[in-house]
Amino acid sequence: MKVDVAIVGGGMVGASLALALRGLGVDVLLVEGIAPGSSAQPSFDDRTTALGNASRRIFEGLGVWGDIAPQASGIRTIHVSDAGRFGFARLRAEEQGIDAFGYVVANRVIGAALWKQLSAVSGGVVLRVPAKAEAIEVTEEGASFTLVSRAVGGAASAATGGAAVDGEVRERVEARLLVAADGAQSGVRAAAAIEADVEDYDQIAIVANVGADHPHAGIAYERFAPSGPIAVLPLYDGSYGVIWSCRPQDAAGVLSLDDDSYLRELQARFGWRAGRFVRAGRRASYPLKLTRAAATTATRTVLIGNAAQALHPVAGQGFNLGLRDAAMLAEVIANAGGGDVGAPELLRRFAEWRAADRGGVVRFTDGLVKLFGSSRPGVGILRNLGLLMFDLAPPAKSALARVSAGFGGPTPRLARGLPVRAS
C-alpha cells in the first residue's frame, strides 16, 4: 500500500487529522489498535474534555460539532481558589462578550462523532482498525512499516493484497509522511529516534461523575489543594465531572472508599461551593506526568497530540493544544501545492508555526502545577494576592479568556472558522 500520509493512532487527535485531510486529494491511511466502540478503547472513555472555543470551531469545520453539541455543557463561569486561603478569582463569559469559555464533553461522545464521520468518508481515507504498525523504517525517501490487522477469512488478504499469517493480515505500507498520534508512549516517536523528557508530578488523577443537590449553572471550579488540584466541571445532564489529583500514597485509599465515604472525603477537600455532593459514579485513575518530545519533527515524521506533549489536566489545555497541532498540520499539507507532503521544508514550517503555542501552553500548565503545589514559606500568601489581583483586573481576565486560540504563533485556519485550504 502506498499513501501520502500514514497516521498511527486513531484517538481524538489522530481521527481529527484524518477528517481534516479528507477531500484534499491526499491519500491517507489511519491505523488504530482498538475499535472505537470497544470498552477497552482508552481514548474514548467516560473521562471528560474541556473544549475551548477554537476547538469548537475546528470541530464545526470537520462537521462533527452537530453530533457533539447536544451532550456538551457550556462553561459560563470559572471559579479558581486555593484551599485553606482567602484568595479566589472568577471569570464570567458574559463579561468577555462570549456565550461560554468552552464546553465540557465526555471523550466517548467526541470519539463517536469523529468515527461516525470517518466511516462515512467515501474516498481518500483508508481505515485499518484494529491494526498496528510494526517494523517502522524511516529514510530520506519515505517511511515504511508492516501493517498488521486481523484477517476476516480469506477475503481480507485478497482485498488488501497482504499475506494472512495465523489469522492476521500483514501489509507493507509506504508513506511520504508518517504521523505519530499514538500517545505519550509513542512507538512512532521511538522509531524516529526522537527523545522525550518525562517529569513525574507524583500525582494520581481520580476521575468520576458526581451529582450535587442543585444544578451547576455552567460553573467550572478549579480548587488547588496541597496534595493536588481538584477540578469540578459541569456536565450536560446537570452533574459534575470531578478530576481529583492526589498523592500516589493516598490514591489507593480514595479508590477503595465506598461511594458515601468518597463523597464525604471529596466534600471535605473541595468545600460547598457546588452544593452537597449526593451521588458518585464509577471511579478510574491514571498517573500524571509531563512528557515533552525533544522535537516535533524528524525525517519524514511529525508528532502531534500526546506523542509531542502530554500535560497535566490542570487548566484543561492538553487536548486543545493537540487539536491545534492536527489543524495546523492539515493546513500545511493542504497548502503544499501538490508537492511532497513529507518534504523537510514543510515539516520545518509546521514545527516553527507550532513552537510558540506548544512552549507557551507547556510552561503555563507546568507553572500552575508547581506554583500551587509549592509549600515554600510565603508562596501561599503571594498566590492568594495574585488571585485577588487577577479577580480585579479585567485586562488579565480578557487575556486568559483568549487562550483557546493559542499561546502564540499562527492560529490554524480551522480554529478561526475558515476552510483548511486557502482559496
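## Salt bridges

A salt bridge is a side-chain nitrogen of Lys or Arg within 4 Å of a carboxyl oxygen of Asp or Glu, and the structure described here, which is a predicted model, holds 19 salt bridges. One of them pairs Asp-99 with Arg-76, whose closest N and O atoms are 3.1 Å apart. Asp-99 belongs to the loop between β6 (88-92) and β7 (102-106), whereas Arg-76 belongs to the loop between β4 (73-75) and β5 (77-82), so this pair ties together parts that are 23 residues apart in sequence. Arg-76 has a relative accessibility of 36% and therefore counts as partly exposed.

Another salt bridge links Glu-134 to Arg-170, with 3.4 Å between the closest N and O atoms. Because Glu-134 lies in strand β9 (residues 131-138) and Arg-170 in strand β12 (residues 168-180), the pair ties together parts that are 36 residues apart in sequence.

Arg-269 is partly exposed, its relative accessible area being 34%, and Glu-265 is partly exposed with a value of 30%.

Some salt bridges share partners, and through them Lys-132, Glu-134, Glu-168 and Arg-170 are joined into one network. The bridge between Glu-134 and Arg-170 has already been described above.

## Nonpolar cores

The largest nonpolar core has 58 residues, and those with the most contacts inside it are Val-5, Ile-7, Leu-17, Phe-59, Val-179 and Ile-304. Helix α9 (residues 318-334) gives the most to this core, contributing ten residues.

Which residues are in contact with Leu-17, leaving aside its neighbours within four places in sequence? They are Ile-7, Val-179, Ile-304, Ala-326, Leu-329 and Ala-330.

## A buried arginine

Arg-354 lies in helix α10 (residues 344-373). With a relative accessible area of 2%, Arg-354 is buried, because buried means under 20% relative accessible area. When the neighbours within four places in sequence are left aside, Arg-354 is in contact with Leu-321, Arg-324, Asp-325 and Met-328.

## The second largest pocket

The second largest pocket has a volume of about 450 Å³. Its lining is formed by 26 residues, of which Asp-45, Asp-46, Arg-47, Thr-48 and Asn-209 lie nearest the centre of the pocket. The elements that give two or more residues to this lining are β7, α4 (107-120), β13 (196-212), β16 (240-246) and β18 (284-293).

How many residues of the lining of the second largest pocket are nonpolar, polar and charged? The lining divides into 13 nonpolar residues, six polar residues and seven charged residues.

## Backbone details

Most residues other than glycine have a negative phi, and most peptide bonds are trans. The peptide bond that joins Val-129 and Pro-130 is cis, with omega at about -10°, and Pro-130 is placed in the loop between β8 (125-128) and β9.

Asp-202, which is not a glycine, has a positive phi, near 60°. Asp-202 is found in strand β13, a strand that also gives two or more residues to the lining of the second largest pocket, and at 38% relative accessibility Asp-202 counts as partly exposed. Arg-300 likewise has a positive phi, of about 60°, although it is not a glycine. The place of Arg-300 is in the loop between β19 (297-298) and β20 (301-303), and Arg-300 is buried, with a relative accessible area of 9%.

Note on methods. Residues are numbered from 1 along each chain as its sequence is written. This is a predicted model: local features need pLDDT of at least 70, side-chain atom pairs count only at pLDDT 80 or more; totals for chains, interfaces and linings use all residues. Side-chain values use heavy atoms; hydrogens and water are left out. A nonpolar core is a set of buried Ala, Val, Leu, Ile, Met, Phe, Trp, Tyr and Cys residues joined through side-chain atoms within 4.5 Å. Buried means under 20% relative accessible area, exposed over 50%, partly exposed in between (1.4 Å probe, protein chains only). Helices (H or I, at least four residues) and strands (E, at least two) are DSSP runs, numbered from the N terminus. Contact means heavy atoms within 4.5 Å. On a 1 Å grid over the protein atoms alone, a cavity is a set of points where a 1.4 Å probe fits but cannot get out, and a pocket is an open set with protein on both sides within 12 Å along at least five of seven lines; lining residues have an atom within 4 Å of a point. Grid points are joined across faces, edges and corners, and a volume is the space filled by probe spheres set on the points. Ala, Val, Leu, Ile, Met, Phe, Trp, Tyr, Cys and Pro count as nonpolar, Asp, Glu, Lys and Arg as charged, and the others, Gly among them, as polar.
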